[in-house]
Amino acid sequence: MLHQAPAGARDWLPVEVRQKRWLSQNLEAVFSQWGYQQIITSTLEWVDTLTAGGAIEPSTVIQVQDGTDEPLGLRPEFTASIARATVTRMQGESFPQRLFYNGNVFRYPEGHHGEQVESYQAGVELIGATGGFADSEIILLLRDCLQKLDLENWHLILGEAGLTRSLLEPFPEKLRAKVRYCIAHLDRASLESLPLSEPLKQRALTLFDLRGKPNTVLAKLSELDLDETGKNIVHKLRSLLDLLSQTTSFSLTLDLSLLQTIDYYTGIVFEVVAETEQETCIIGQGGRYDQLLGLYHPQGENLPGIGFALNLDTLQACLLRQKKLPKQQPVNGWLVVPQNSQAQIAAIRYAQELRKKDPSLSVELALKEGTPEEIKNDAQNKRIQHIAWLTSEGSVTVEELG
């Protein structure tokens with residue numbers, strides 16, 4: 001007989017559920033303040049939908065057998081499902097659409113066995129808006145979320161997927177993927193060992209070092225021979241950074257080696273990291289995807305999109321280490337105690353009256369027998385404030401606990 005959850009799964013105990021609910025409620029409050037509305041998509045999707053035209057590695061999708069020829073899978077993230085729902089269910093709606101989500105996702109970690117396959121995400125998608133103003137909305141919304149949670153020591157790492165692809169264009173096609181991989185994984189030794197001409201090797205090493213303070217990175221970019229596409233992207237990126245610098249203040253690194261494992265991003269990409277005494281955690285990621293929705297549209301029409309996802313499991317652990325989450329059990333208002341079996345009916349009726357009088361109260365029936373002192377000790381351990389002692393005649397004695 002198996003007594004533990006399967007590898008990669010976990011149980012959530014009541015205190016953890018309460019913390020997660022607190023986290024979700026605070027995030028959803030900020031989402032709503034910015035005009036975002038909740039969307040709930042199916043946990044099950046066709047695998048073709050979930051892989052987003054190859055942008056998501058199929059091996060990371062947990063597949064489900066249902067006896068049909070078309071395989072189903074559990075969603076590894078929300079964006080593809082929301083893109084599908086937008087073009088198939090929201091035709092005729094006005095755009096932009098501001099949508100938020102909160103739920104579980106399932107993914108096989110690449111090359112890692114026994115790690116979590118189920119996790120929780122909350123995030124937003126802004127569909128039908130393009131340009132730096134829309135990009136800034138998403139980043140500023142992310143900032144407001146983290147400030148609402150009072151998260152300390154967080155940092156935004158910003159990249160530009162379109163610019164990175166443009167910078168990689170001069171490399172031979174057969175080596176481009178390897179150069180990209182080395183840059184994304186900060187593998188300088190492997191990058192230097194690639195069979196590249198000396199000018200291309202120097203270019204690769206320059207790309208490897210395109211991370212740091214925004215002004216420093218932009219200055220390095222100005223020294224490169226960029227094509228018109230690259231120059232246009234740099235101009236837009238500079239405008240976005242100027243807009244952010246004049247409207248907010250937080251720690252930001254410009255990192256053009258930042259490449260997400262999901263490959264549908266076309267513009268800015270970003271990660272949010274937070275530091276604790278134990279480690280540095282990636283608590284969220286996102287970016288712009290202007291070609292994704294066309295994959296699901298019957299006529300292939302595209303709508304621009306941008307969004308982010310916060311990893312609630314990681315964020316919860318990080319906030320707990322920073323002592324930002326409630327640890328104690330909630331105060332249960334009342335414990336109603338029948339003093340003998342003949343008093344049970346009176347106890348049930350009294351508890352019902354309390355709940356009806358104040359629906360916010362938590363009212364428990366005492367199901368465990370014991371001495372009055374034992375009952376009071378149990379109540380105090382559960383942080384219950386009031387005990388009502390009921391007799392069979394229905395008389396009540398209320399005792400307040402300190």
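Q: What makes both faces of strand S7 covered?
A: In this predicted model, Trp154, Leu156, Leu158 and Glu160 on one side of S7 are buried, as are His155, Ile157 and Gly159 on the other. Buried means under 20% relative accessible area. Seven of the seven residues of S7 (residues 154–160) are buried, so the strand is largely enclosed by the rest of the structure.

Q: How do you know that S7 pairs with strand S10, and in which sense, parallel or antiparallel?
A: A pair of strands requires at least two bridges. S7 and S10 (residues 268–275) have seven bridges, in the antiparallel sense. One of the residues concerned is Ile157, whose bridge partner in S10 is Glu271.

Q: What makes S7 and strand S9 a pair, and in which sense do they run, parallel or antiparallel?
A: The requirement is at least two bridges, and S7 and S9 (residues 252–255) have three, in the parallel sense. In S9, Leu254 is the bridge partner of Leu158.

Q: Which residues make the contact between H4 and H10, and what is its make-up by class?
A: H4 contributes Gly132, Phe133, Asp135, Ser136, Ile139, Leu140 and Arg143, while H10 contributes Leu240, Leu243, Leu244 and Thr247. By class, the contact has six nonpolar, three polar and two charged residues.

Q: What makes helix H3 mostly covered?
A: Eight of the 11 residues of H3 (residues 79–89) are buried. They are Thr79, Ala80, Ser81, Ile82, Ala83, Ala85, Thr86 and Val87. The elements covering them include strand S2 (44–46), helix H2 (47–50), strand S5 (97–106) and strand S6 (118–127).

Q: Why are strands S14 and S16 said to stand at the edges of their sheet?
A: The open sheet has four strands in the order S14-S13-S15-S16, with mixed pairing. S14 (363–365) and S16 (396–400) each have a single partner strand, so one side of each is left without a neighbour in the sheet. From one strand to the next, the twist averages 20°.

Q: What pairing does S16 make with strand S15?
A: S15 (residues 386–390) and S16 pair in the antiparallel sense over five bridges. Within this pairing, Val396 of S16 is the bridge partner of Leu390.

Q: Which strands do helices H12 and H13 lie across?
A: Helix H12 (residues 344–357) lies across S13 (334–338), S14, S15 and S16, and runs at about 160° to S13. Helix H13 (residues 372–381) lies across S13, S15 and S16, and runs at about 150° to S15.

Q: Why is Leu186 called exposed?
A: Exposed means over 50% relative accessible area; Leu186 has 52%, and is therefore exposed. This residue is in the loop between helix H6 (173–184) and helix H7 (188–193). Leu186 has a positive phi of about 55° although it is not a glycine.

Methods: Residues numbered from 1 in each chain as written. Predicted model: local features only at pLDDT ≥ 70, side-chain atom pairs only at ≥ 80, totals over all residues. Heavy atoms only, no water. Contact = heavy atoms within 4.5 Å. Helix = DSSP H or I, 4+ residues; strand = E, 2+ residues; numbered from the N terminus. Nonpolar A, V, L, I, M, F, W, Y, C, P; charged D, E, K, R; others polar. Axes fitted to C-alpha atoms, helices over the stretch in contact; angles between N-to-C directions. Buried < 20%, exposed > 50% of the residue type's maximum accessible area, 1.4 Å probe, protein only.
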